[in-house]
Amino acid sequence: MTYARTEPTDQEPDIRARPPLVREFLLVAGLFLAYKFGRRAANGHVEEAFRNAGNVWDLERALHLPGEGAVQGVLLHSQTLIHTANTYYATVHFPATVLFLVWLYWRRPLHYLWSRRILAVLTGGALVLHLLFPLAPPRMLPAAGLVDTGQVYGPTVYGATPATDTMANQFAAMPSLHVGWAVMVAVGLIVATRSRWRWLWLLHPAITLLVVVGTANHYWLDAVVVVALLAVALAALRLPRAARNVPAHLPWAVVPGAEVRGPSVAGAAHPARTPVGAGAGAGAGR
């Protein structure tokens, strides 16, 4: 009895679920532009944004949440560290989400459709809060005593004068979509894969949380609120039943009298070995 290579089964069970590429590109691009223009429409409420910032700061202290300054103090011990945090804030958020959607579209179409809907609902809910609750970030709040690390150490994605910034609405701190999107990327990849290492994707939202707080771009409550919004979206939009049973990755099968060919995935140190009965019935059940 020897071992023969079989085709990897870690693939989407029904590729027909993949929607047309052009349509999806236009849809996602349209949603993103609508969000960007919506954030710009929420600009101009400077006094209200600072009043809300003071209330959020006082609420965090009343709840005995850890001070944002504690995280920033760690980052400020090293100019390299704070520069890296600023770079992470400026460059990882959007590309990581795009790559996540592209990979799901190609490898897990059903998971892609579910994740795209979740992100759309989450982003729409965040936009409503931006309109209803303008909020100055902690780097602008004198009571916080924090450093605007982007302006001091660079790089930054924001203009030096927030009230006249034509590229972004700096008074839309509540909630933090940096954290919300990062959590959804981790959740989506954990659900869509079966690797023993998939839980390491949680490092992405964990690092993102420390970065947005340490660079004084968000309060702790900004992250709490966006995670609550995401939880509601996940509860309302359940993963389709057809996408819940992601096949395990089984590159080897035991076949009587077969020739040894080696693992189907390079670098597999301990491939799973599954007995295959006579005929195709045993393999078809996977």
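Predicted model: local features only at pLDDT ≥ 70, side-chain atom pairs only at ≥ 80, totals over all residues.
**Entry 1: where H8 meets H9**

On the H8 side I found His178, Val179, Ala182, Val183, Val185 and Ala186. Their partners in H9 are His204, Pro205, Thr208, Leu209 and Val212. I then sorted the contact by class: eight residues are nonpolar, three are polar and none is charged.

**Entry 2: how the two helices lie**

Next I asked myself at what angle H8 and H9 pack. H8 covers residues 177-192 and H9 covers residues 203-214; the angle comes out at about 170°, and the axes are 8 Å apart. Are they roughly parallel or roughly antiparallel? Angles over 145 degrees count as roughly antiparallel, so H8 and H9 are roughly antiparallel to each other.

**Entry 3: a look at Arg117**

I moved on to Arg117, which sits in helix H6, residues 109-132. Is Arg117 buried, exposed or partly exposed? I got a relative accessible area of 40% for Arg117. Buried would need under 20% and exposed over 50%, so Arg117 is partly exposed. I also checked Arg117 against Ala233: they are 116 residues apart along the chain, and their C-alpha atoms are separated by 8.9 Å.

**Entry 4: confidence check**

Last, I looked up the pLDDT. The protein chain averages 81, and 74% of the residues score at least 70. I marked two stretches with pLDDT below 50. One is residues 2-13, which has 50 contacts in the model beyond near neighbours in sequence. Another is residues 248-286, with 63 such contacts beyond near neighbours in sequence.

Technical notes: Residues numbered from 1 in each chain as written. Heavy atoms only, no water. Axes fitted to C-alpha atoms, helices over the stretch in contact; angles between N-to-C directions. Helix = DSSP H or I, 4+ residues; strand = E, 2+ residues; numbered from the N terminus. Parallel < 35°, antiparallel > 145°, perpendicular 65-115°, else oblique. Contact = heavy atoms within 4.5 Å. Nonpolar A, V, L, I, M, F, W, Y, C, P; charged D, E, K, R; others polar. Buried < 20%, exposed > 50% of the residue type's maximum accessible area, 1.4 Å probe, protein only. pLDDT = per-residue confidence, 0-100.
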